[in-house]
Amino acid sequence: MGALDEPLTKLVGDRTAKVLADSLKLRTVGDLLHHYPRRYVERGQLTSLDELEIDEHVTVLARIEKVTLIPFRGRKGDRLEVVVTDGRSRLSLVFFNQGWRQKELRAGAQGLFAGKVGVFNRTRQLVSPDYQLLDEDATASTGEGSAAQQFAGRLIPVYGASAQMPSWKLSICVETALTKHLGDVGEPLPAELRGRHDLIPLPEALELIHRPRSQADRERAQSRLRWDEAFVLQVALAQRRAADSALPAKPRRAREGGLLDAFDARLPFTLTEGQQKVSAEIAADLATEHPMHRLLQGEVGSGKTLVALRAMLAVVDAGGQAVLLAPTEVLAQQHHRSIVEMMGDLAEGGMLGGSDLGTKVVLLTGSMGVAARRQALLDMACGDAGLAIGTHALIEDKVQFQDLGLVVVDEQHRFGVEQRDALRAKGDQPPHLLVMTATPIPRTVAMTVFGDLETSVLDQLPAGRSPISSHVVPALEKPNFLTRAWERVREEVGKGHQAYVVCPRIGDEEPTADPKNAKKKRKAPEEDFEEVADLGAASDERRPPLSVVETAEKLVKGPLAGLRVEILHGRLAPEAKDEVMRRFAAGEVDVLVATTVIEVGVNVPNSTVMVIMDADRFGVSQLHQLRGRVGRGSAAGLCLLVSEMPAGSAARGRLDAVAGTLDGFELSRIDLEQRREGDVLGQAQSGVKSSLKVLSVLEDEEVIVTARAEATRLVAEDPKLAAHPDLRTALESLLDADRAEYLEKG
């Protein structure tokens, strides 16, 4: 064990180490040294108090303006009120039965004050905050000595802290670690690389990030540490790519005059230039003796499924089988229905009336009947089914294939690594892998989140796709706009078209009368993706999000009375879901009120209008996905984003951005800027702590691109990093058990 792996108990004692571990997940000396300041303050540059968020743990630099001791009426005790200011705004500090603090909290003094922001009588306040005074003759309330001496001549670091561990206490711990262990820090970046890019040594970078005497010091440190994060990550991904390229796989080449040629001959349209280019890239990968690992991303409606289907047919041509893994039953059923329709008798191989060139196309979901499930399993195991489409049910142990040649994963971000790996393990040799996402991904994000995959982009829409216009409907400010929205729905239905109404919640979550069944029913895996991620962000002052069940009832009785309205969500029985989608696709339903279960893959060209209720509760990319369900035919599409959020709010700003552009790549940048970038080793959807501290996958493109090239070169020369022990150690530190498993399974 190296010095940086030492538990913090040896450095700061058991009690402080427990607080650091419990509140900030800092357990080793290395964890502490890599817990960088969030920002820095200089004396005289007071914190802007009007920007403080309620319930946020803050550390502010402010000047004491007024101190008042107020005895309680009719009982013992007192309340000390201290008003601090930044020169414009004020913040109240409240201490109960601590009147003795008057002696050190004097008007005119500056200090660091830390606590949780609350509100009392419409005034923001910190109750019993920790503090450090910055007067030369004042000592800290913690008894740690003069803060003025501690930060003399330097910028004051402000750390991400907690209620139990304010920023300056963390700073004291960091100072101890720097003093005792800075000489133990290794050097993961090769000397020649540091020289090429003018980077300071790591010990110096850690010293300057925690103890900068100027902004220039801070920038030099961040530049070096940014490179560490980019380079170590890219080395991990380069090793994964190298390992993949060494694996054996069966080449899968489409045969001339075979199934793929027969399918292409029946297409009623010509492939776009982009579809032809990407298809050629995939065909070249499939023809190699190493497994393809390719990411296919593209705009909503750009024809990714068609490109994937052509790849699957090529594999069947070569004697193999292909599977398409979808995240929801609705999407799996939609894929199965549309693929069978596109293939016609080519999807009826071995059946009466089927084409001699054809194959069977089977569907497998978790809630299929026993007989249908048994037949699907048999068709896959004996090889009669060249194509299998399904949900997580495809991953179960009972599912076997005769010769699995290609795995296509739709909406990759919705699957865990274990699930993808379990399906790939069903082949005798590693099958080829094609990952699809309809969420456009900025280039640098693709190089990190999907850094072990080659990337293909479809950015052309097929001919015949109509434009989609989007508008924000401010339901509270202008209720007549919402009335007009429902009139537009009726007008579109009157023209023979159909509409979607999307709600954030299903509406049947009420507890049952039976206390034994009061616990919420566990959802099937393919239902897990309907709830929008930011519902929990809604404050207590907001009403609950609108639901499918309640909204449909109100529409039927009110503005859409007389129209054929149906509901769709993941908790309906599979037969009911399939029947609703069949009837909607057949034009037998005018308005479909649904959750985000219709977000991807659902293709009903006759649908021309979508109304998204509580649109501010959805993410930017999710809204872009949803509106891609309309305008898929010859008639123009209309998307109405209904919100009660006021103009000027951040939520309305997101909606204005969506309404203002159809460029999915631009919207994905906005989405990532407003959310945390997440853990770029594949955990971005899980909410775990990010492994990136100073590197931004959006802003640091030049560093990421260069680091990728350097990492690829180094791994090619030294695959096991035998000549770079410190880099190996840094890699092991980055790749904890979960992340290592991610990269291992790919």
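Contact here means heavy atoms within 4.5 Å, and the views below are taken from a predicted model.

**View 1. The buried residues of helix 17 and the elements they pack against.** Helix 17 spans residues 548-557, and its buried residues are Val548, Thr551, Ala552 and Leu555. These residues lie on the same side of helix 17 because they cover an arc of only 100° around the axis. Their packing partners are helix 16 (479-494) together with strand 17 (498-502), strand 18 (565-568) and strand 19 (591-594).

**View 2. The other side and the N-terminal end of helix 17.** Lys554 and Lys557 are exposed on the other side of helix 17, whereas Val548, Thr551, Ala552 and Leu555 are buried. At the N-terminal end, helix 17 is capped by Ser547, which places a side-chain oxygen 3.2 Å from the backbone nitrogen of Glu550.

View 3. Because its relative accessible area is 9%, under the 20% cut-off, Arg294 counts as buried.

**View 4. Side-chain polar contacts of Arg294.** The side chain of Arg294 is joined to that of Asp285 by a polar contact of 2.7 Å, and a polar contact of 2.8 Å joins the side chains of Arg294 and Ser456.

Definitions and conventions. Residues are numbered from 1 along each chain as its sequence is written. This is a predicted model: local features need pLDDT of at least 70, side-chain atom pairs count only at pLDDT 80 or more; totals for chains, interfaces and linings use all residues. Side-chain values use heavy atoms; hydrogens and water are left out. Buried means under 20% relative accessible area, exposed over 50%, partly exposed in between (1.4 Å probe, protein chains only). Helices (H or I, at least four residues) and strands (E, at least two) are DSSP runs, numbered from the N terminus. The arc is that of the directions from the helix axis to the C-beta atoms. A polar contact is a pair of N or O atoms within 3.5 Å; within protein, one must be able to donate a hydrogen and the other to accept it, and residues adjacent in sequence count only if both atoms are side-chain atoms.
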